[in-house]
Amino acid sequence: MSTTIQPPNLYICYGSETGNSKAIATRIFKECSEEKFTPETFLYTLDEFLSKYKLRDRARTLKKTPSSNNLEQLLDLNEKINLVIVCSTTGNGDPPQNADAFYRFIRLKSTPNNLLQNVNYAILGLGDSNYDLFNNAAISIDKRITELGGKRFSYRGEADEVVGLEQVVEPWIAQLYEALRKNYRFFLEKEENNKKKEDNEEEEEENNGNSHFSPRSVNSYLNITKRNKRSSTLLKQVTSVLLAKDNVTSKEEESVAAFVKESIVSPDEDKEEWKRIANYFGQPNICFSTITGARYLTTTESSKQVLHIELDISSLPLAEEESTFRYEPGDSIGILCENDEEHVQRMLLKLKEIETIPKDLDVDDEIEIKCLDEHNKGLFYIDASERITLKRLFTRRVDIMSPVTVPMLQMLAKYCKNQMEKNEILKLAFDLNLYTTRIVKQHANLYDVLSWFSSCKPPLNHLLQELQPIAPRYYSIASSPIKHPDEVHIAFSIVKYETPPPIRAQKEGCCTSWLQNKAKEFWGSEEKITLPLFLKKSPAFKLPRELKTPIIMIGPGTGVVPFRGFLQHRECMLSKKQEDDVNWLFYGCRSIRSDFLYHHEFRQFETSSFVNLNLLVASSREADVGGGVWYGGTYVQDYILEYASIIVELMMMKKACLYVCGDAQSMASQVDRVLHQIVEEECDMSSEEAKQIVKQWKEEGRYLKEVWC
């Protein structure tokens, strides 16, 4: 009697901090499920995989001496699986929180060295090359899985946010699918032979009517229906009552009251919706804070707008604890936001125009979205029980302002009636250079692509399957919990820019523009303006424990924001004025007159505060206007060279901590280069010796960076 050989199960696992790894893993899961490599494909966080695959139980079983009592368990250990991992790196080379338990378990010395001998795997890392331990989490996991007997069936991908994740992600995913097809070829061919006749008949029927569709475009798992139909009579009654027309009966008033009560989303429902969004991103401890203050830190003469916002946290218990919202200088807050209202309106009009939104469905109608495929149910971020309209869906729940993804382009191509347009979209999807030039650099969103290709008319359910939720945005905290125990402060640049030629489109940041509108509401209204947020602790970017430890802060532009919190904190902790020069701030801006953030506060820290700040301000776009070392047409790295001997002495002799915060691509890399240079020159070292000294500072936690691309 022959034994049926089952294909190995496929696990797609991720460690995600901001949502990028989860989005990529979800994409891989969707496409692998549709390829039907195996009847069982799973999507888990790495910590969930630790539990679901019972790694701890397997380790305990392997340590036992084989006997009749554990023979069945040992046989179960022979089960082969294929594992695909997508993992980002956070902090000082650490894995994200939802991969930490898995990471710590596999690194245990007591873990059997043959624990993963039946695991074939592939791994993709997401990182930022501005940090020294670039992609360290993925590299360490890869190394340890190999040591535990795992066999990698594909090269390790190391994507870099600095150059664009897609430069590595897209080719890595393409070769991953080829490797998986090769791994599952025997089972796929067997399945094909068993159903060859049936498949041929289906293919012939499919080709007769819809030759341009691929299986992926046909496999829709969402069903969208109108939840409530409003009669025209009831709407007329509403109008009459609201306009206080004569002859309105009490029955009509009752109908209107019921209509209004049913239509209005209550504050509790609103908060529950935000909580569901936060949970999708693994953030259960969401809080709701009201704005207590807002002001611009730049003048109208500045080419940029920087906004300072103060938030009340006096009554914010965490979701699962009775503790207050406790933060430290160096931490950040994550903010959940909405799409720009005007952009939402344009998007909905476009979808109505191309009949993606059916004629009988109004944007204010409540809809019900059901997932018809249990296997994909966990992927979709809107529950069937939710009361939601299309307008609210496109305002709060789906990201329509970010550049379109490659899977989105592939889907859109399948709904182009014009073959030339279809081919052009496919080129954008499969030519990485073209995708980078026309989509990434132009920040081309869904509205842009639908405007460029008029024959593209995707159905609503397929569109929602590809749209991602709006990811949280993170902002450095600009205050000290000692000085402001009931508040948390943030400051940020309002993102507005023009894309490169030939398009030169005007674009704006999703969250910063939304926050600016919230600030305007605060200025013009007596109502409380509430923001959904959560705390993101920094593992390393912290003040030293000892007050006498010197700190050197380098932060041009909004990179200075966390240093305001640093100085406030030190000032509150000091009982008398510092005698030593232990606090140095190298700040840079374009113009001192218009761009010097927190001008008066830093001046006070310099002249009359306990912290005794040494403040050096470089202005890059104006000539020297006098007034001491404050002023000059220079950059922060020029001041670092000028004060090289002091910086090296503080770092080498007094064991100072040096912090760099701000733009990664130009400033942070230049500062790093100059630091190596001054060590080499001041200590009379070779370049290699200087490199080792700077590396030692980093390993000791005395050279810390918080940078962004």
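This is a guided tour of the structure, stop by stop, with something to select at each one.

**Before you start**

The model is predicted: local features need pLDDT of at least 70, side-chain atom pairs count only at pLDDT 80 or more, and totals for chains, interfaces and linings use all residues. Residues are numbered from 1 along each chain as its sequence is written, and side-chain values use heavy atoms, with hydrogens and water left out.

**Stop 1: the whole chain**

Show everything as a cartoon. The protein chain holds 28 helices and 22 strands. Helices (H or I, at least four residues) and strands (E, at least two) are DSSP runs, numbered from the N terminus.

The accessible surface of the protein chain is about 34800 Å², and carbon and sulfur atoms account for 48% of it. Areas come from the Shrake-Rupley method with a 1.4 Å probe; for residues, only the protein chains shown count as cover.

Of the 709 residues in the protein chain, 50% are buried. Buried means under 20% relative accessible area, exposed means over 50%, and partly exposed lies in between (1.4 Å probe, protein chains only).

Contacts come next; a contact means heavy atoms within 4.5 Å. Among contacts in the protein chain with a separation of 6 or more, 76% link residues 24 or more positions apart.

**Stop 2: K36**

Select K36. It sits in the loop between α1 (20-35) and β2 (41-45). Its relative accessible area is 56%, so K36 counts as exposed. K36 and Y184 are 148 residues apart in sequence, but their C-alpha atoms are 9.7 Å apart in space.

**Stop 3: the core**

Select F394, L464 and L467. These residues have the most contacts inside the largest nonpolar core, which has 84 residues. A nonpolar core is a set of buried Ala, Val, Leu, Ile, Met, Phe, Trp, Tyr and Cys residues joined through side-chain atoms within 4.5 Å. Helix α16 (residues 406-413) gives this core its largest share, six residues.

Centre on L467. Leaving aside neighbours within four places in sequence, L467 contacts Y381, F394, V398, D399, I400, M408 and L446.

Then colour α16. Eight of its eight residues are buried. They are V406, P407, M408, L409, Q410, M411, L412 and A413.

**Stop 4: a sheet of three strands**

Select β7, β11 and β12. In that order they form an open sheet with antiparallel pairing. Two strands pair if DSSP finds at least two bridges between them. At the edges are β7 (222-226) and β12 (388-389), each pairing on one side only. Strand β11 (residues 366-371) is joined to β12 by two bridges. Zoom in on I367: its bridge partner in β12 is I388.

**Stop 5: strand β10**

Select residues 332-335. Both faces of this strand, β10, are covered. S332 and G334 are buried on one side, I333 and I335 on the other.

Which strands pair with β10 in the antiparallel sense over four bridges? One is β13 (residues 473-476). Another is β17 (residues 530-536). Then show S332 with its bridge partner K536 in β17.

**Stop 6: T499**

Move to T499, in the loop between β15 (496-498) and β16 (506-508). Is T499 buried or exposed? Its relative accessibility is 2%, so T499 counts as buried.

Show its polar contacts, meaning pairs of N or O atoms within 3.5 Å; within protein, one must be able to donate a hydrogen and the other to accept it, and residues adjacent in sequence count only if both atoms are side-chain atoms. The T499 side chain reaches the backbone nitrogen of A505 at 2.8 Å. A polar atom of that side chain also lies 3.5 Å from the backbone nitrogen of R504. Beyond neighbours within four places in sequence, T499 is in contact with K441, Q442, R504, A505 and K507.

**Stop 7: a sheet of five strands**

Select β18 to β22. The open sheet has the order β20-β19-β18-β21-β22, with parallel pairing. At its edges stand β20 (613-619) and β22 (703-708); each has a single partner strand, so one side of each lacks a neighbour in the sheet. From one strand to the next, the twist averages 10°.

Strand β19 (residues 583-589) runs parallel to β20, joined by seven bridges. Pick out Y587, which stands opposite V617 in β20.

Finish with helix α22 (residues 561-573). It lies across β18 (551-554), β19, β20 and β21 (657-663), at about 155° to β18. Axes are lines fitted to C-alpha atoms, for helices over the stretch in contact, and angles run from 0 to 180 degrees between N-to-C directions.
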